[in-house]
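User: Please start with one chain as background, then take a close look at a single part. How is that part built, and how much of it is covered?

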Amino acid sequence: MKKLFVVLLCVLALGGVLWAQGSAETAKYPDRGIEFVIPGSAGGGSDILGRTITDIIQRYKLVDQTITVVNKGGGASAVSHGYVNAKSDVDYYLLTCNSANQLSMHVNKSMSPKGPFTPIANMALDDILLVSRAGGKFPDWASVEKAIKANPSSLTVGLADDLDAMALALLEEKTGTKFNPSAYFASSGEVATALLGGHMDLAILNPVECVGLVEGGRLIAIGSFAPKAMAAPFEKTPTFTALGHPEVVMQMSRSVIGPAGMSREAQLFWSDVLQKVSETEEWKVGYIQKNVLEGQYLNADDFTKFYAESEKMLLDFAKKLGIL
Amino acid sequence: MELAINLIVFLLSAYWCQQGVMVYSFWNKNQPGSGFIPVIFSAILMVFSFFLLLKEIRRMLKNRSQDEHQAAKLSLSDLRALLPVVYTIAAIVLFRFTGVVVSMFLTAFIWLAFISKVRIAKSLVISVILTLTVYLIFVVWLRIPFPRSIFGL
Amino acid sequence: MNNWELLMQGFSVAFTFNNAMAAFIGALLGIVVGAMPGIGAAAGVSMLLPMTFKMNPTAGIIMLAGIYYGNMYGGAYSATLLNIPGDTPAVVTALDGYQLTLKGKAGKSLATGNYASFIGGSIGIIFLTIFGPLLAEIGLKFGPAEVAALIFLALTSIGWLLGDDPVKGLVAACLGILLSTIGIDGASGGARYNFGSLNLIGGITFVPLVIGMFGFSQVLEMISESKEFKVEGVKKLSIRESMLTWGEFKEIFWPSVRSGVLGNFIGFLPGAGATTGSFLAYILEKRIGKKRHALGTGEITGVAVSESANNAAAVGSFAPLLSLGIPGSSTSAVLLGGLMMWGLRPGPLLFESNPDFVWGLISSMYFGNVLCLVAGMAVLPFLVTFLKISKRVMVPIIMVICLVGSYAVGNSIFDMGVMVVAGVVAFYLKKQAFPSSPVLLAFVLAPRLEVSMRQALSISQGSLWVFFEKPISAVILVCTFALLLFPVIQKLIAFTKARKNS
């Protein structure tokens with residue numbers, strides 16, 4: 001009898017849980033957790049973007065469900081794209097994107113057979129820097145130029161993605177130099193580590209990826225691809241325009257996209273959420289200002305247009321430089 | 001059995017090696033290609049599995065009669081092992097359509113009550129506790145997005 | 001101020017009630033998450049990260065750090081009791097831990113795991129306190145060529161270290177390497193060996209593979225052998241039985257210290273990780289340890305070296321995180337995200353600009369490590385009762401855990417399928433005396449070897465000489481070849497002696 005009672009109690013408990021969960025459930029999207037996929041290992045620019053957005057969403061409770069950040073670094077974003085393409089519940093995945101990933105989709109053919117990714121919102125514009133080790137042989141661009149012209153291919157440059165490769169190709173073309181590009185590293189964190197350890201000479205990095213190390217006096221940014229002079233702590237870094245190469249200008253967009261075939265409802269939902277994120281103090285000061293970025297929010301429709309335009313521009317550029 | 005395993009491994013490594021050389025390129029433009037590591041290790045694997053294959057064939061030729069006796073014995077236990085495999089595959093299908101709570105409860109309960117032959121009441125208690133633990137830790141606390149069905153579970 | 005004063009000041013930060021509570025809750029949660037197969041430290045920390053936003057940064061990071069090393073303790077429990085490693089580094093722990101369980105010494109194994117984790121953790125923390133930033137600097141000396149050489153050393157040892165038949169061990173290791181090449185190639189971005197499947201483009205996920213090869217294959221074994229899952233002497237197992245005798249403690253002490261130092265060192269290398277750490281420690285013990293011949297058959301030393309090394313490595317990865325802002329592992333990367341959220345910027349300036357925070361964290365580690373040990377010993381009796389469950393009941397429980405765990409890691413039903421297939425394959429391989437742990441270790445190590453090796457070669461523009469011209473990698477490679485040739489030479493000597501005698 002006692003045992004039967006225990007069994008009954010358990011069934012009741014289970015039933016209660018089932019019922020409570022069932023009634024609490026609403027049909028409103030999102031009805032379960034979201035995965036935020038980062039095409040890069042932890043600590044890189046994309047990772048910081050993804051984690052900052054997630055943290056702000058959770059802090060302000062902009063979304064009821066949990067968002068789990070998943071790092072899928074490697075293969076210049078192809079690993080993460082492959083991961084997302086294999087999913088069927090496309091409304092529950094977000095990806096960070098930037099111009100580099102946009103380019104890589106074509107270089108590595110990592111787009112889903114189902115079609116292109118779904119643009120959601122643009123978040124910021126980022127600059128690109130040529131960086132060397134502090135206390136090393138190359139304190140400025142003039143010394144690099146001298147060494148590389150005297151001995152082509154003698155300097156190794158670390159790259160983390162296809163856009164870095166494109167930036168380097170642009171620099172090589174316009175300045176008449178030839179470097180030894182190093183293979184892709186899984187992340188800019190690894191590039192920075194290898195540069196610090198003296199395993200290569202130079203690297204192409206975004207400000208967000210080296211700001212701590214530049215402030216700390218371990219790395220020097222010797223030239224920026226920015227259209228105009230940059231804010232602190234990069235105020236001493238000359239642009240390539242100022243160094244006499246006005247055509248060496250490049251910026252990259254940082255954005256959020258969804259898998260191919262994401263529903264319109266989900267796309268607009270996240271576009272709205274991200275707008276709220278971009279208006280918070282944490283975002284403006286803690287992310288944009290601190291990481292020396294330029295805030296530029298575009299909603300789903302504007303970004304879709306911008307995405308298509310910038311994609312075409314990137315591809316044309318890449319073809320011209322012989323990357324694609 | 002041993003023969004079959006070595007043969008499969010040998011063929012697999014041969015395939016890996018062939019693909020590595022023909023499709024993924026072993027070395028290109030002064031750099032190791034995608035096929036570099038696969039080719040090296042599949043070649044090593046080919047050598048060793050071939051060695052094991054030969055050894056096994058030699059052994060089989062030597063004592064044929066003993067083997068036959070053993071083979072009959074082995075196959076019974078080999079087949080028994082397929083029971084949980086089929087059962088788990090069924091559980092995965094159930095999981096896909098009925099969600100985690102229902103499917104894991106049934107997976108535990110049916111096995112306990114009908115295969116392990118534990119008393120029904122005891123089976124029920126154990127499977128309820130197990131399901132509840134899984135639910136509390138994975139669904140409530142860690143919020144893993146499991147497939148859902150009735151009651152949103 | 002010197003480090004000592006800063007540390008003492010840190011203790012005063014760590015010992016406030018709030019921070020102590022944070023460390024305690026963190027340690028406890030970490031143990032639970034660690035023991036859950038399918039959820040590793042990185043996933044656990046990122047899932048619990050939002051919880052800490054309401055706290056101040058110091059309490060928040062103290063709690064997260066507690067989760068991190070609590071996780072390293074917890075991973076050993078499921079490895080010992082169920083032969084399902086709760087996280088990746090515990091694969092090595094399972095080698096001896098589960099054998100001990102079969103011998104009826106599960107309690108000893110768990111207690112050893114706790115003590116060794118404590119020793120390893122303490123070594124890591126002491127090194128971090130004294131050398132801190134210096135450790136990170138040494139780590140920087142390890143570029144792609146050096147890391148490739150180090151992993152090559154570990155990889156070449158897998159086959160002949162584990163299992164009775166070295167040829168079969170080698171075959172298993174090579175199989176693991178081939179499996180790891182499925183999916184996108186980390187160095188160039190092209191897909192390979194995916195047989196046209198979208199699910200395989202991202203590669204085979206490690207956790208379902210482990211759960212299948214260790215956990216599920218065991219279910220098959222239990223069913224096919226139809227004999228009772230037998231654990232001797234279960235009834236008298238109590239916490240007193242589990243305590244190590246003084247002799248046993250002495251036995252594990254030095255090996256734990258040795259592997260703690262080694263593991264800590266591996267921990268602050270970029271891109272090596274706790275798994276490499278615990279495995280290299282195991283190799284070292286197998287070479288120079290007193291019990292080297294019995295290792296793998298259920299020796300508490302085996303559990304001790306693995307646990308000590310992975311805890312030390314976990315702490316080690318904090319050095320590059322705090323002093324350079326570069327995460328040494330995926331878990332410390334999540335912590336980096338947390339730091340940035342609190343407005344701290346890890347980098348060379350963090351030690352100067354936020355000494356309260358850094359030293360508060362370091363001293364909380366001392367405290368958290370003690371808490372983990374206490375909590376770990378306190379849960380022992382509960383864990384041990386787990387063993388009293390009979391096989392009939394155990395089988396469905398393991399099945400459910402295997403299924404849920406393999407789904408949870410990637411939220412994918414395909415992974416559940418991978419788990420089942422891996423279980424079946426491992427079962428038939430094991431039947432023919434092919435060991436399954438080399439498959440898993442090779443699977444983890446091979447992609448790292450490939451990426452580092454190809455990076456090194458691209459820096460050197462294709463010249464293999466790069467591995468020998470750098471002193472560190474040259475030394476490691478020489479050691480590797482010496483280790484490889486050693487057994488051969490030993491056999492040759494024995495052979496000639498035998499010939500002389502006859």
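Analyst: In chain A, 53% of the 324 residues count as buried, that is, 20 or more other C-beta atoms, placed from the backbone, lie within 10 Å of the residue's own. The model is predicted: local features need pLDDT of at least 70 and side-chain atom pairs pLDDT 80 or more, while totals for chains, interfaces and linings use all residues. Residues are numbered from 1 along each chain as its sequence is written, and chains are lettered from A and ligands numbered from 1 in the order in which they are written. Chain A contains eleven helices and eleven strands (DSSP runs numbered from the N terminus: H or I of at least four residues for helices, E of at least two for strands). Of the contacts in chain A with a separation of 6 or more, 78% join residues 24 or more positions apart; a contact puts two C-beta atoms, placed from the backbone, within 7 Å.

The part for the close look is helix H24 of chain C, residues 471-501. At 1.5 Å a residue, its 31 residues should span 45 Å (1.5 Å times one less than the number of residues). The end C-alpha atoms of H24(C) are 43 Å apart, which agrees. H24(C) has a kink of about 35° at Leu485(C), shortly before the proline Pro487(C); the bend is the angle between axes fitted to the seven residues ending there and the seven starting there. H24(C) is hardly covered, with three buried residues among its 31. Those buried residues are Ser473(C), Ile476(C) and Leu477(C). Residues three or four places apart point the same way because an α-helix has 3.6 residues a turn.

Conventions
Buried ≥ 20, exposed ≤ 12 C-beta atoms within 10 Å, placed from the backbone.
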